[in-house]
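I kept notes as I went.

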Amino acid sequence: MSKKVAFITGAGQGIGEAIALRLAQDGFIVACADLNIETAQLVKEKIINQGGNAFAIQVDVAKREDVFQAIQKTLDLCGDLNVVINNAGIAPIMPIEAVTPEIYQKTMDINVGGVLWGIQAAVETFKKLGHGGKIISASSQAGQVGNPELSVYGATKFAVRGITQTAAKELAPLGITVNAYCPGIVDTPMMRKVAQDLADLSGESFEWGMQQFAQNITLKRISKPEDVAACVSFLSGPDSDYITGQAIIVDGGMVFN
Ligand code: NAD
């Protein structure tokens, strides 16, 4: 098998879909993994129609066994694995006083557990294969600074940066690099829902909700999913071989370090 293999969670829509399409263009065989198998199948079909190579897998990233099984299936089908992208995530929006134990637990299980299990399954597989690899996870602009109404979400995205730094240090001897990407405001179903929820909380319109997030972007436009996919393409390829433990901000100029 000469082609490299990439496994992507949350690949059924939004940023994950754009990453899947981009990595297929880059020449990867793409495992489109998602809780929603129908949307994952649609993305797989788009890739095949564009002359690429892909398949769809159902996975719930909150379940460790699920993640291990999905990555094993990828290995069984392709005989190799080179890049694991822990992209799936959810974004509940509410004032801090309204956070329930259920919302806290579910968001942690998906956004942090999903990354942890993805890293573990990737390491096990890279070790089996006897080569290194690249692990890339979704953090956020909200994992760099606190955002109102996003207390639990922001906490999970800060956690992703912490796990990324730890894993980079632990796994370097195995030839594995570990990085994260921090999108800003990306026009995806998730972002549209966040904008609508904020608008509903404030009794305002959807456009007002989007504007609350867009107004402080230096480049004065909301991100397209392809802007993020371009960064992930770089992190998945050989040009980023000397980069590890980083959380790269792709936000049009919102957070300045
Ligand atoms: P989205 O909601 O549009 O898509 C997320 C995908 O993940 C969906 O296909 C969904 O079915 C899948 N998913 C949800 N729970 C899952 C689970 N338990 N197991 C497997 N798959 C699951 O989201 P998006 O906007 O494309 O965001 C992708 C990632 O980027 C997320 O981690 C998100 O937190 C992060 N992010 C997004 C933005 C943004 O502005 N959209 C900004 C910063 C970070």
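This is a predicted model: local features need pLDDT of at least 70, side-chain atom pairs count only at pLDDT 80 or more; totals for chains, interfaces and linings use all residues.

The entries below cover helix pairs, one proline and the aromatic rings.

**Entry 1: H1 and H2.** I began with helix H1, residues 14-25, and helix H2, residues 37-49. At what angle do H1 and H2 pack? I read an angle of about 25°, with the axes 10 Å apart. Angles under 35 degrees count as roughly parallel, so H1 is roughly parallel to H2. I logged the crossing of H1 and H2 as right-handed. On the H1 side I listed Glu 17, Ala 20, Leu 21 and Ala 24 as making the contact. From H2 the contact takes Val 43, Lys 46 and Ile 47. Sorted by class, the H1 and H2 contact has five nonpolar residues, two charged ones and no polar ones.

**Entry 2: H1 and H8.** I stayed with H1 and turned to helix H8, residues 225-236. The axes of H1 and H8 come within 8 Å and cross at roughly 50°. I therefore wrote down H1 as oblique to H8. Which hand does the crossing of H1 and H8 have, left or right? I found it right-handed. H1 brings Gly 14, Ile 15, Ala 18, Ile 19, Arg 22 and Leu 23 to this contact. They meet Pro 225, Glu 226, Val 228, Ala 229, Ala 230, Val 232, Ser 233 and Ser 236 of H8. I sorted the residues of the H1 and H8 contact into nine nonpolar, three polar and two charged.

**Entry 3: H4 and H5.** Next I took helix H4, residues 101-129, and helix H5, residues 151-171. Their axes are 9 Å apart and the packing angle is about 15°. H4 and H5 are therefore roughly parallel. I recorded a right-handed crossing for H4 and H5. Among the H4 residues in the contact I noted Tyr 104, Thr 107, Met 108 and Asn 111. Those of H5 include Val 152, Tyr 153, Thr 156 and Lys 157. The residues of the H4 and H5 contact divide into 13 nonpolar, three polar and one charged.

**Entry 4: Pro 92.** Where does Pro 92 lie? I placed Pro 92 in the loop between strand S4 (83-86) and H4. Leaving aside residues up to four places away in sequence, Pro 92 touches Ile 103, Thr 107, Glu 149, Leu 150 and Tyr 153. I checked Pro 92 against Thr 107: they are 15 residues apart in sequence, and their C-alpha atoms are 7.7 Å apart in space.

**Entry 5: rings.** How many aromatic pairs does the structure hold? I counted zero. I did find Arg 161 over the face of Phe 158, at 5.3 Å from the ring centre.

Key: Residues are numbered from 1 along each chain as its sequence is written. Side-chain values use heavy atoms; hydrogens and water are left out. Rings of Phe, Tyr and Trp (its six-membered ring) pair if their centres lie within 6.5 Å; planes under 30 degrees apart count as stacked, over 60 as edge-to-face and the rest as tilted. A charge sits over a ring if NZ of Lys or CZ of Arg is within 6 Å of the ring centre and within 35 degrees of the ring normal. Axes are lines fitted to C-alpha atoms, for helices over the stretch in contact, and angles run from 0 to 180 degrees between N-to-C directions. Helices (H or I, at least four residues) and strands (E, at least two) are DSSP runs, numbered from the N terminus. Angles under 35 degrees count as roughly parallel, over 145 as roughly antiparallel, 65 to 115 as roughly perpendicular and the rest as oblique. A crossing is left-handed if the near helix is turned anticlockwise from the far one by less than a right angle, and right-handed if clockwise. Contact means heavy atoms within 4.5 Å. Ala, Val, Leu, Ile, Met, Phe, Trp, Tyr, Cys and Pro count as nonpolar, Asp, Glu, Lys and Arg as charged, and the others, Gly among them, as polar.
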